[in-house]
Amino acid sequence: MAFDRIQLADFRNHRATRLDGSARFNLLVGANGAGKTNVLEALSLFTPGRGLRRAQLAEMTRDDAAGFAIGADLVSGVTPVRLGTAVQADAPAQKPARRIVQASGAPLPAARLAEWLSVAWLTPAMDRLFTDSASGRRRFLDRMVLAIRPEHATHSGRYEKALRERNRLLSADRAPDPSWLEALEREMAEAGAAIAANRAAVVGELSARLAVLPDAPFARPEIAVDPASPADADALADKWRQSRGAERGAGRTLSGPHRDDLAVVMSGTGRPASDCSTGEQKALLIAITLAHATLAKDHGADGGRPLVLLLDEVAAHLDPVRRAALFERLDASGAQVWMTGTELALFGGLEGGAAVWRVADGVAEKA
Ligand SMILES: Nc1ncnc2c1ncn2[C@@H]1O[C@H](COP(=O)(O)OP(=O)(O)OP(=O)(O)O)[C@@H](O)[C@H]1O
C-alpha cells in the first residue's frame, strides 16, 4: 500500500475531493474532462519537480481560488505519515508563487520526498518521448534514478544551481572572473560526477532486468545513456575549463550531464525507438516502466519506500492480451497503481481486487 485518505482542495476542477479506502489497484473511471488525470497529477506532486504535466502552480489552482492543497496518508510502515503539499497566494490578487511540502506537519524540502516514496508515471503525452527533445528523456531517466537513489535530487539541485550561475557569467557583457568560474565548475563537477555515476548504475541494473524479460507481449528495449558524461569530477572540470572561450561565445555551458540523453533501441533489430511505430514505442516505454518498477520494489524494500505508479489512459490503448499481461506484471511489481479509463470494462479481471472511483465534473464517488 502507499497512498490513502487523499484530499484535493481547489486543485484544478476538484473543489473538495476525498478518496478513502484505496487498494493496490485504484481505478478512476469517468468521461473525458471529468478530472481523472487531475487526480494523478495531484499525486505526482509528492515527488520532487513539477508533476506529470509540468504545469505552473497557477494553472493547477482551481479557477478563482487563491491556492490549492493536497493531502495524503503514506501507508508503508506501521504508522501512516501524513504528507501535504500546498500553495498559498501571498496576497489575494496574486497567483500563488511557492509550493510547500510537509510530512506529519513538519516542513520538508521537496527534494527529500524521494526518501519517503517514489512516484512514476506514464501519460499520453509521453507517446512522443522518443521523438521529442532530449530533455524529456533526461527527466524520465532521472525520475527512474531517483526511485532507486533518493539522493539524486540533491545532486541535481546543486548541479543546476551552479550551472545557472555559470551560464549567467558566460552570457554577461563583462569577462567573467576566472576564480569565480573555477569555483562554480568545481561545484558542478562534484555534483555532475555523482549524477553521471547514479545514472550509469541505474541504467546498468535496469539493462540487466530488461535483458531477461520475454520479448512478448511487450517489446524488449536496450537502453543506455548516450552521450554520457564521465562520472569523474576532474574530467568534467577540465572539460569546462578548456571550453570557457567557446562557451562564452555561446553564452552557456554546452557539455555536461545536463546534455546527456537516454538512448533506447529495440532489441533484436537494433532499431532506435524514434524509428519504431507508435505502438512499438508505447510497448518499449511500458516495458521499461514495468522493469523499473520491479527494480524500485527491490531497492525500496530496503528503505521501506513504496512505489506508486500513475498510468493515465494506458489500458485503453492495449489489446486484451497485452492488457492482461500489463495487469499481471503490475501485480508482480508490488507497486500501488492508479489507472484512469473512460469505462470500467477496460479493467476486466481487476475489478474484484481494485478500488474504483467514478469521477464526474471534479467529484469522485467510490463505486
Ligand atoms: N485550474 C483549473 N480550474 C478549474 N478547472 C480546471 C483547471 N485546470 C483544468 N481544469 C479542468 O479539468 C478538466 C480536465 O480534467 P482531466 O484532465 O483530469 O480530465 P480527464 O478525466 O483525465 O479526461 P480525459 O479522459 O479527457 O483525459 C477540464 O474540464 C479542465 O477544464
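**View 1. Strands β1 and β2 run antiparallel.** Strand β1 (residues 3–11) pairs with β2 in the antiparallel sense through five bridges; strands count as paired if DSSP finds at least two bridges between them. Strands (E, at least two residues) and helices (H or I, at least four) are DSSP runs, numbered from the N terminus. Look for glutamine 7, whose bridge partner in β2 is arginine 18. This is a predicted model, in which local features need pLDDT of at least 70 and side-chain atom pairs count only at pLDDT 80 or more, while totals for chains, interfaces and linings use all residues. Residues are numbered from 1 along each chain as its sequence is written.

**View 2. An open antiparallel sheet of six strands.** The strand order is β2-β1-β4-β5-β6-β7. Each of the edge strands, β2 (14–19) and β7 (106–107), has a single partner, so one side of each is left without a neighbour in the sheet.

**View 3. A second open sheet, with mixed pairing.** Here the six strands follow the order β8-β11-β12-β3-β13-β14. At the edges stand β8 (118–122) and β14 (363–366), each pairing on one side only. Inside this sheet, β3 (residues 25–29) and β12 (residues 336–341) are parallel partners over five bridges, and leucine 28 stands opposite threonine 340 in β12.

**View 4. Helices α4 and α5 meet.** Residues of α4, including Tyr159 and Leu163, meet residues of α5, among them Trp180 and Met188; contact requires C-beta atoms, placed from the backbone, within 7 Å.

Methods: Contact = placed C-beta atoms within 7 Å.
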